Amino acid sequence: MAENVIPGDLCDVEWSADDVDGNYAVITGCKTVGIPEVSQEYRDRTSLDSPGRFKQYGTGLKDTSELTLACFYSTGLYEKALAFNTAGKPVFFRVNLPPVDGLQTTGDVFKYQALVNPSNPATDQDGDLMTDLKLRPTGVVGWTKGDPVV
């Protein structure tokens, strides 16, 4: 199974204001891969006539978790993130995974939208100036399976 491990440093994390293919740009200096976790709400549907006195549940709404992309600070990155934040509209994110050798010709792709809030620059433990892109996803997290080797 170790041969199918996908190295995170080969992934591209991109953003775009409009979800047009040619308008996506790699987030420069991004150190982390960020794909929101989806959680499911379960509603208690138990009643006095539930079989065997067991609790019964039904599904409710889904939610996507907040996440943070750690990035090396640059004026251009901070300016773009601040402009996205000021616009107050969700930004499109796309995470491109590399293909798995021998199994795929193209890698899987995850897409989602999120509101962006950049943190003020601060130094990390190595002394590098960093800014965090704090994301609040909204809506569906899309997944496209990579093309298989034929």
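Modeller: In this predicted model, Asp 19 is partly exposed, having a relative accessible area of 29%. Lys 111, at 30% relative accessibility, is likewise counted as partly exposed. The side chains of these two residues, Asp 19 and Lys 111, form a salt bridge with an N to O distance of 2.8 Å. Because Asp 19 sits in the loop between E1 and strand E2 (25-26) while Lys 111 belongs to strand E7 (residues 109-118), the pair ties together parts that are 92 residues apart in sequence.

A search of the whole structure gives seven salt bridges, and another of them joins the side chains of Glu 14 and Arg 94 at 2.7 Å, N to O. Here Glu 14 is in strand E1 (residues 12-16) and Arg 94 is in strand E6 (residues 91-96), so this contact connects parts 80 residues apart in sequence. Both Glu 14 and Arg 94 are buried. Glu 14 and Arg 94 also belong, with Asp 21, to a network of salt bridges.

A further salt bridge brings together the side chains of Glu 66 and Arg 136, at 3.8 Å from N to O. Glu 66 lies in the loop between strand E4 (57-64) and strand E5 (67-72), and Arg 136 in strand E9 (residues 129-144), so the pair links parts that are 70 residues apart in sequence. Glu 66 is exposed, at 61% relative accessibility, whereas Arg 136 is partly exposed, at 29%.

Conventions. Residues numbered from 1 in each chain as written. Heavy atoms only, no water. Salt bridge = Lys/Arg side-chain N within 4 Å of Asp/Glu carboxyl O. Helix = DSSP H or I, 4+ residues; strand = E, 2+ residues; numbered from the N terminus. Buried < 20%, exposed > 50% of the residue type's maximum accessible area, 1.4 Å probe, protein only.
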